[in-house]
Amino acid sequence: MKIAFRRGLLGPVLALSVVLWALLATLAPGAHAAGGLDEAADALRKGPVYVDPRAANQLSAADADKLAQKIKDAGKPVFVAVLPRNADYPPTNLLKDLRSKVGVSGVYVVQLGDGFNAGADHRVMSVNAVRNLVGAVKRSDYPTTDQRLTSFVDSAVQQARGHAPDAWGGSSDGGPGAGAAIALGAVVVAGGAGAYAVVRRNRRKRAEEERAALESLRVVVDEDITAFGEELDRLDFRPGEPGADDAMRADYSHALDAYESAKSAMASAQRPADVQAVTKALEDGRFSLATLAARREGRPLPERRLPCFFDPRHGPSVADAQWAPPGGAARTVPVCAADLTRLESGQEPMTRTVDTLDGRRPYWDAGPAYGPWAGGYFGGGMLPGLLMGTVLGTMMTSPAAYASDFGDGLGPGPDGGDITGSDFDPGDFGGGFGDGGGFGGDGGGFGSGDW
């Protein structure tokens with residue numbers, strides 16, 4: 001009998017078939033792992049924590065079990081490996097190779113001898129979030145591996161997107177018998193169409209949510225564009241006026257170009273992530289106007305600074321000031337001259353508020369769609385410190401937000417915990433770790449120096 005599959009269903013069916021045959025392989029008598037990364041990957045497909053027997057002195061069995069239970073209870077795809085530093089685990093591409101062999105999208109954290117590092121599929125956790133967590137753990141200088149891993153996992157399970165692999169939820173009483181495996185095979189084939197339908201439905205739902213978020217955000221972005229256009233109208237500058245020079249004309253032309261770029265970028269925006277280009281253009285244009293004003297008035301040219309934290313429409317900041325959100329810790333934020341005066345006199349700054357379901361709220365308490373909006377003004381690297389303890393600050397470091405790294409849309413693709421085999425972006429597991437926080441490396445990637 002011939003069984004015909006639709007082309008669109010073949011991928012999910014094959015993926016599920018791989019799960020079946022992997023399960024059957026674990027049931028086979030005498031099955032054993034090849035050692036090194038193969039053994040580690042085989043163990044991580046069955047559970048969230050693997051400790052190489054040669055590294056047992058770094059993490060006890062009891063601590064490993066407790067860590068594994070924490071991850072299972074959270075239901076998130078966080079993989080932990082504690083490995084000895086030897087020839088079985090070459091450090092240069094260790095995280096990439098481990099991710100390839102496990103074949104499941106997620107967050108991977110490895111303790112290799114005295115070294116510590118992590119990587120994640122960008123749909124599961126943003127590059128910035130991983131970098132910040134790794135750096136925080138390293139700089140904390142925890143005395144034990146258990147404390148180091150627990151600190152990372154506690155944060156990772158809150159921020160990771162997706163679900164734990166289904167294989168982690170299996171029974172520990174020896175597994176299903178051959179009859180159950182055969183029945184599972186039938187379910188795999190019959191369930192292919194259902195799995196494909198669920199994936200498509202989830203993607204449609206995500207796309208609808210992004211469209212709705214963009215429409216809410218569009219109101220605020222259009223206000224920003226309009227405000228900048230009004231600044232240009234009030235400027236009263238003519239390129240041919242007496243005293244105008246080439247530098248002034250260049251500033252004015254740059255501001256006009258920024259205005260047109262912002263309008264064009266907003267008109268073509270398809271996702272909340274796309275508005276980062278809009279606000280970046282507006283920030284650039286406002287600095288050009290500030291420079292033009294200084295030239296016309298004979299003042300020193302302004303320093304290139306971030307816009308006012310409380311409302312980017314106020315223009316470039318002139319100083320840094322201490323400020324704390326209600327119930328939050330104090331932090332240093334860039335402020336305009338007017339808001340600096342208000343803060344110094346004990347008054348509230350003129351904060352940008354936006355409409356939410358709970359009424360008008362400051363933009364930093366309005367939801368994840370404002371992540372790319374703020375990222376265009378302030379840059380992703382500055383935002384974690386500026387927004388620490390606010391709703392937006394928490395959401396923007398989570399991949400569940402509408403943009404990863406304050407600009408890259410998640411787009412279609414597998415969620416955390418989905419089987420992808422070796423089909424993943426290797427860039428998610430290498431590069432860009434700042435100073436590395438110690439352990440003998442500069443943090444410039446996942447090379448041997450990081451370990």
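Residues are numbered from 1 along each chain as its sequence is written, and side-chain values use heavy atoms, without hydrogens and water. Because the model is predicted, local features need pLDDT of at least 70 and side-chain atom pairs count only at pLDDT 80 or more, whereas totals for chains, interfaces and linings use all residues.

Helices (DSSP runs of H or I, at least four residues) are numbered from the N terminus. Axes are lines fitted to C-alpha atoms over the stretch in contact, and angles run from 0 to 180 degrees between N-to-C directions. Helix α2 (residues 37-46) packs against helix α4 (residues 94-102) at about 55°, with the axes 9 Å apart. The two helices are therefore oblique to each other, since angles under 35 degrees count as roughly parallel, over 145 as roughly antiparallel, 65 to 115 as roughly perpendicular and the rest as oblique. The crossing of α2 and α4 is right-handed; this term applies if the near helix is turned clockwise from the far one by less than a right angle, and left-handed if anticlockwise. Contact (heavy atoms within 4.5 Å) joins L37, D38, A40, A41, L44 and R45 of α2 to L94, D97, L98, K101 and V102 of α4. By class, 7 of these residues are nonpolar, none is polar and 4 are charged. Here Ala, Val, Leu, Ile, Met, Phe, Trp, Tyr, Cys and Pro count as nonpolar, Asp, Glu, Lys and Arg as charged, and the others, Gly among them, as polar.

Helix α5 (residues 127-140) and helix α6 (residues 145-159) meet at about 155°, with axes 10 Å apart, and are therefore roughly antiparallel. Their crossing is right-handed. A129, L133, V134 and V137 of α5 touch R148, S151, F152, S155, A156 and Q159 of α6, a contact of 6 nonpolar, 3 polar and 1 charged residues.

The axes of helix α8 (residues 246-267) and helix α9 (residues 275-297) come within 8 Å and cross at roughly 160°; these helices are therefore also roughly antiparallel. The crossing of α8 and α9 is left-handed, and their contact has 15 nonpolar, 5 polar and 4 charged residues.

The structure holds 2 cavities of 30 Å³ or more. A cavity is a set of points on a 1 Å grid over the protein atoms alone where a 1.4 Å probe fits but cannot get out, and lining residues have an atom within 4 Å of a point. Grid points are joined across faces, edges and corners, and a volume is the space filled by probe spheres set on the points. The second largest cavity has a volume of about 40 Å³. Its lining consists of E283, R286, R305, L306, P307, P312, G315, P316 and Y377, with 5 nonpolar, 1 polar and 3 charged residues.

Methods. On a 1 Å grid over the protein atoms alone, a cavity is a set of points where a 1.4 Å probe fits but cannot get out, and a pocket is an open set with protein on both sides within 12 Å along at least five of seven lines; lining residues have an atom within 4 Å of a point.
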